[in-house]
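Biologist: Let's go through this structure together. Please put it up, and I'll ask as we go.

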Protein chains: 2
Amino acid sequence: MLEHEIPENIKSLSMDELTALCDTLRDRIIQTVTDNGGHLSSNLGVVELTVALHYVFDFPADKLIFDVGHQCYAHKLLSGRADRFDTIRKKGGLSGFPKREESDFDCYNTGHAGTSVSAALGIAKARDIMGENFNVIALIGDGSFNNGLVYEAFNSLRPLNTNILVILNDNGMSISPTVGSMHEYLELLSQDSHHREKVQKHATIFERFGFSYDGVYDGNDLGCMIEKLREVKEKLRTQSIILHICTKKGKGYSFCEENPQKTHGVASATSKPTTEYSQILGKTLTKLAEKDKRIFAVTAAMTPSLGLEEFFSRFPDRSIDVGICEEHATILCAALATQGIKPYYAVYSTFLQRSYDEIIVDICSQNLPVTLCIDRAGISGADGETHQGVFDLSFLSCIPNLTIGVPKDCGEFRRMLEMSADFSGPLVIRYPKDCKNSFPTTDEPIEAGCWEILHHGSGNVAILACGERALTIANKAIELSGEDVTLVNARFVKPLDGLLLDTMSEYKVVTIEDNMLIGGFGALIAQYFTDSEVSVKCFGYRDSFIAHGPVDELMEEYGLSAEEIAEYLRYEN
Amino acid sequence: MLEHEIPENIKSLSMDELTALCDTLRDRIIQTVTDNGGHLSSNLGVVELTVALHYVFDFPADKLIFDVGHQCYAHKLLSGRADRFDTIRKKGGLSGFPKREESDFDCYNTGHAGTSVSAALGIAKARDIMGENFNVIALIGDGSFNNGLVYEAFNSLRPLNTNILVILNDNGMSISPTVGSMHEYLELLSQDSHHREKVQKHATIFERFGFSYDGVYDGNDLGCMIEKLREVKEKLRTQSIILHICTKKGKGYSFCEENPQKTHGVASATSKPTTEYSQILGKTLTKLAEKDKRIFAVTAAMTPSLGLEEFFSRFPDRSIDVGICEEHATILCAALATQGIKPYYAVYSTFLQRSYDEIIVDICSQNLPVTLCIDRAGISGADGETHQGVFDLSFLSCIPNLTIGVPKDCGEFRRMLEMSADFSGPLVIRYPKDCKNSFPTTDEPIEAGCWEILHHGSGNVAILACGERALTIANKAIELSGEDVTLVNARFVKPLDGLLLDTMSEYKVVTIEDNMLIGGFGALIAQYFTDSEVSVKCFGYRDSFIAHGPVDELMEEYGLSAEEIAEYLRYEN
């Protein structure tokens with residue numbers, strides 16, 4: 001093997017060659033993530049484990065499922081994708097997550113936490129039914145281990161009567177440090193690693209579910225991993241096993257080892273820092289909480305990315321990171337609100353999907369004043385299909401009692417948050433990551449369901465745009481078209497501004513939103529005008545999953561093209 | 001206390017009087033459920049426990065949260081609602097579930113499983129912040145205990161640093177018998193009840209999360225319950241406790257004790273048996289599975305109600321009840337499908353909400369051929385707000401790759417199921433409980449996205465109705481109006497039948513659906529015609545939670561009135 005080469009098949013390599021391969025993989029990962037952005041520390045931690053897995057097992061015949069998928073880079077490099085690895089997370093390039101469409105070596109797509117054990121059980125059960133014979137492995141971090149799904153899956157291991165290997169990769173972190181009692185329990189197990197008897201006793205919790213437990217081993221020790229996996233592979237014929245290993249997040253790159261949280265996901269070296277909505281959330285909520293003792297913040301393992309680090313350190317008794325437990329976070333907020341507390345649950349749009357039932361039943365049917373701060377709404381970019389926040393307006397707008405705000409810029413976001421402090425019902429505020437634009441405004445207080453006319457045009461068309469991105473595209477389209485078009489900041493998707501809409505009877509109405517066309521803001525407007533003569537033209541995303549790539553390009557490609565809207569304006573205004 | 005009287009305050013009663021009170025409560029519950037329908041066995045099991053709780057604790061100052069709420073009848077009788085108890089589940093009467101709007105004694109509304117521990121933690125945390133001093137109790141059955149939410153809540157007990165009491169009511173049943181390893185573990189604990197030391201050792205699993213564990217006690221022994229609750233109340237000042245009790249589901253009514261599954265929820269004595277869609281599901285799927293070895297059925301603790309009892313006994317290796325774990329059920333299906341198995345997940349519409357993220361990410365973004373059989377869709381009636389299946393068309397239609405079928409009757413349901421066996425993508429088939437009507441049909445095979453014109457009318461209006469209930473109302477409205485109206489069986493909500501829609505340019509289009517107006521079928525049609533001259537009028541449910549009551553009355557009250565539609569037809573046809 002040449003130095004820095006990544007061979008197709010590593011089974012014939014010597015121990016020295018395998019060790020050198022680990023260095024090569026690490027270098028490639030660091031170099032590529034520096035250029036492209038992506039998940040760094042999590043991937044560096046599992047290099048030895050991944051090499052050992054590929055050395056001992058036979059992929060793609062054997063099946064390897066990555067929980068979330070933040071640990072799959074070395075696997076991609078070892079499964080015939082090294083030559084395309086520099087395209088990772090780029091438009092048209094490799095995905096940053098496992099993708100069946102990309103390679104036979106990726107057997108199950110992931111992106112959200114806690115699904116790997118269920119998926120492994122399903123694949124193993126199918127294998128048994130089909131009379132086939134391969135190994136099924138779920139690789140899951142201790143962060144995902146907090147998610148209730150893992151427990152649901154454990155609970156059906158015995159009834160399913162099949163065998164899987166779960167590798168618990170314990171690095172003490174999810175994205176934020178892992179919290180909660182299961183984590184403490186895992187820590188206890190780790191500390192006991194030299195006391196086999198004690199470990200066996202502690203292993204009770206897993207054995208109850210039908211697993212044989214083996215741990216704790218050093219996951220960054222290649223020789224140890226190869227030996228253990230060989231043993232486990234043998235045992236796997238007759239039983240299900242949890243192999244508990246410890247790895248160092250960011251292993252081999254001292255900056256990452258020292259800053260595992262900051263380097264979990266990193267931006268590319270060339271990306272420019274911008275103001276983020278999350279910063280406004282943190283500042284405003286902290287300010288509000290200084291005056292109002294009822295304010296409480298909840299996150300699910302993403303506190304810094306959501307801008308709430310300072311809030312959490314300032315108000316430790318009025319904040320909690322519940323770990324990757326989005327459903328529980330939602331109910332906790334509802335229950336706090338029943339007693340007069342004002343809870344704010346900050347979450348990425350894509351992960352809010354996990355709480356859908358609880359938003360309906362716990363928050364909205366009880367009509368409780370919980371504020372959902374939905375970050376990374378709209379196309380989120382390089383993470384791709386599993387992370388786009390493009391469904392929320394569609395799945396939220398049908399829920400009774402809910403008010404949905406979509407601020408036009410950071411200033412309006414701040415004002416909506418100020419409004420929220422005394423708001424009496426369930427409230428959603430939805431925003432993208434970056435704040436790139438601002439629009440003229442008045443200082444009048446914001447009222448739920450009240451829109452704002454930004455420009456009275458002389459032509460036939462009125463654009464209703466919700467959110468910063470939609471307004472930015474609207475302005476661009478107006479400029480391109482050279483038309484004098486009425487522009488409305490439709491800052492609440494629910495309730496609609498009926499008073500304003502009823503003045504629109506002479507207009508051709510155009511809607512723009514950073515959301516799916518189906519069931520989104522445009523659908524509400526179309527339905528509003530069904531009984532009238534008003535024509536409505538909706539711009540939003542077509543009915544398709546949205547791959548990874550740069551936000552602007554994806555927006556244009558999937559349905560929000562300023563040029564296309566300009567064309568419409570030229571024709572209809 | 002007079003015999004059969006239920007006093008407002010039971011704290012001064014003697015032990016004999018309390019025992020007599022249990023009999024009175026049991027009689028009232030049996031009598032009322034026989035008349036009104038409702039949850040019988042679950043409520044009979046907790047009579048002694050509830051009396052003991054009201055005797056020892058101080059409600060409504062102390063807070064009692066019922067998981068799911070199938071056990072709250074005795075509590076309602078003891079909290080000033082005895083005089084209205086005969087109205088339970090009737091329109092305008094008491095709800096069959098806990099309702100804050102109904103009484104201060106109900107502090108948190110429930111209906112879906114596994115939420116009580118999260119809710120108790122939220123309420124307890126709020127109490128601590130507010131500097132108040134009351135006890136918070138979650139009462140949860142062993143069925144709910146399988147749900148991952150419970151584990152998520154346990155995991156944040158320590159970080160929240162508050163004290164709650166969890167009473168684990170172990171009767172070996174959810175609605176179906178409880179399945180899974182946690183249940184086996186609980187059984188083990190129960191059997192060990194006379195071996196204190198061993199119990200203490202087993203209790204490890206709960207103690208890891210920060211609970212002190214105490215059990216197992218006979219929950220039908222009033223004296224024992226009073227004694228234990230007194231002890232626990234004392235300890236609760238300084239710690240969180242799990243009190244593990246065993247009760248007999250259906251206790252005190254031999255028919256229920258012998259048939260706990262059949263008598264979990266019962267219909268009123270006067271309700272007429274009808275053919276149910278679930279029977280068609282069971283028969284058809286069994287028939288298909290005889291020929292096709294790839295067919296696999298998954299349920300989440302509702303096998304008989306979903307019509308799959310026979311399937312499960314015929315094909316034990318190709319079926320699993322995963323317990324109340326809807327998310328896990330969904331991923332299991334997706335994973336099975338990656339390996340060529342044809343999974344069917346049967347579930348009530350309201351509980352499908354729990355799987356929303358997994359439907360998007362695991363099933364649809366991977367474009368896997370999983371069939372979701374959605375029972376109890378539309379208004380489901382007496383269970384009220386938390387159980388209406390009126391959101392599914394709205395939250396499903398925005399998901400790419402998904403096909404949504406809404407059969408017009410049982411015959412068409414059977415044919416859609418036959419179609420599903422070789423269908424290559426994600427498929428939803430949505431139906432209500434009862435099959436009351438059938439419509440003329442041809443024997444042509446059903447094709448996704450292909451509608452059926454049931455009648456070519458001579459007038460201006462064309463009704464697009466999806467599903468049996470919508471068609472039934474359409475027919476009724478047509479009859480009432482005396483108009484000759486075109487009637488279309490819009491049996492797929494996604495994809496829409498574009499070919500047929502494009503022939504509608506001369507019509508006034510009316511949509512009817514058993515779903516929320518917002519984001520539902522009508523919204524899709526309104527959006528389809530935005531660019532055209534076609535006027536669309538949508539009938540469906542207005543933007544409000546739908547209370548409990550008889551299905552027909554609720555449908556009319558919330559937006560599907562045949563008379564109102566007839567009026568429109570008279571005017572517009």
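Biologist: What pLDDT does chain A average?

Modeller: This is a predicted model, with ipTM 0.95 and pTM 0.95. In chain A, 93% of the residues score at least 70. The average pLDDT of chain A is 92.

Biologist: How many residues does domain 1 of chain A bring to its contact with domain 2 of chain A?

Modeller: Chain A is divided into domain 1 (18-259), domain 2 (275-435) and domain 3 (452-572). The centres of domain 1 and domain 2 of chain A are 31 Å apart, taken over C-alpha atoms. Domain 2 of chain A gives 17 residues to the contact, and domain 1 of chain A gives 21 residues.

Biologist: On that side of domain 1 of chain A, how many residues are polar?

Modeller: Four are nonpolar and one is charged. The polar count is 16.

Biologist: Which strands stand at the edges of the open sheet in chain A?

Modeller: Five strands run in the order β2-β3-β4-β6-β5 (chain A), with parallel pairing. The twist averages 20 degrees from one strand to the next. Each edge strand has a single partner, so one side of each is left without a neighbour in the sheet. Those strands are β2 (63-66) and β5 (211-218) of chain A.

Biologist: Which residue of β6(A) is the bridge partner of Asp214(A)?

Modeller: β5(A) pairs with β6 (residues 240-246) of chain A in the parallel sense, over seven bridges. In β6(A), the partner of Asp214(A) is Leu243(A).

Biologist: Which helix packs on the sheet, touching β4, β5 and β6 of chain A?

Modeller: Helix α5 (residues 116-130) of chain A lies across β2, β3 and β4 of chain A, at about 180 degrees to β3(A). The helix you ask about makes about 170 degrees with the direction of β5(A). That is α11 (residues 222-235) of chain A.

Methods. Residues numbered from 1 in each chain as written. Chains lettered and ligands numbered in written order. Predicted model: local features only at pLDDT ≥ 70, side-chain atom pairs only at ≥ 80, totals over all residues. pLDDT = per-residue confidence, 0-100. Domains from an automatic or database assignment. Contact = placed C-beta atoms within 7 Å. Nonpolar A, V, L, I, M, F, W, Y, C, P; charged D, E, K, R; others polar. Pairing = 2+ DSSP bridges. Helix = DSSP H or I, 4+ residues; strand = E, 2+ residues; numbered from the N terminus. Axes fitted to C-alpha atoms, helices over the stretch in contact; angles between N-to-C directions.
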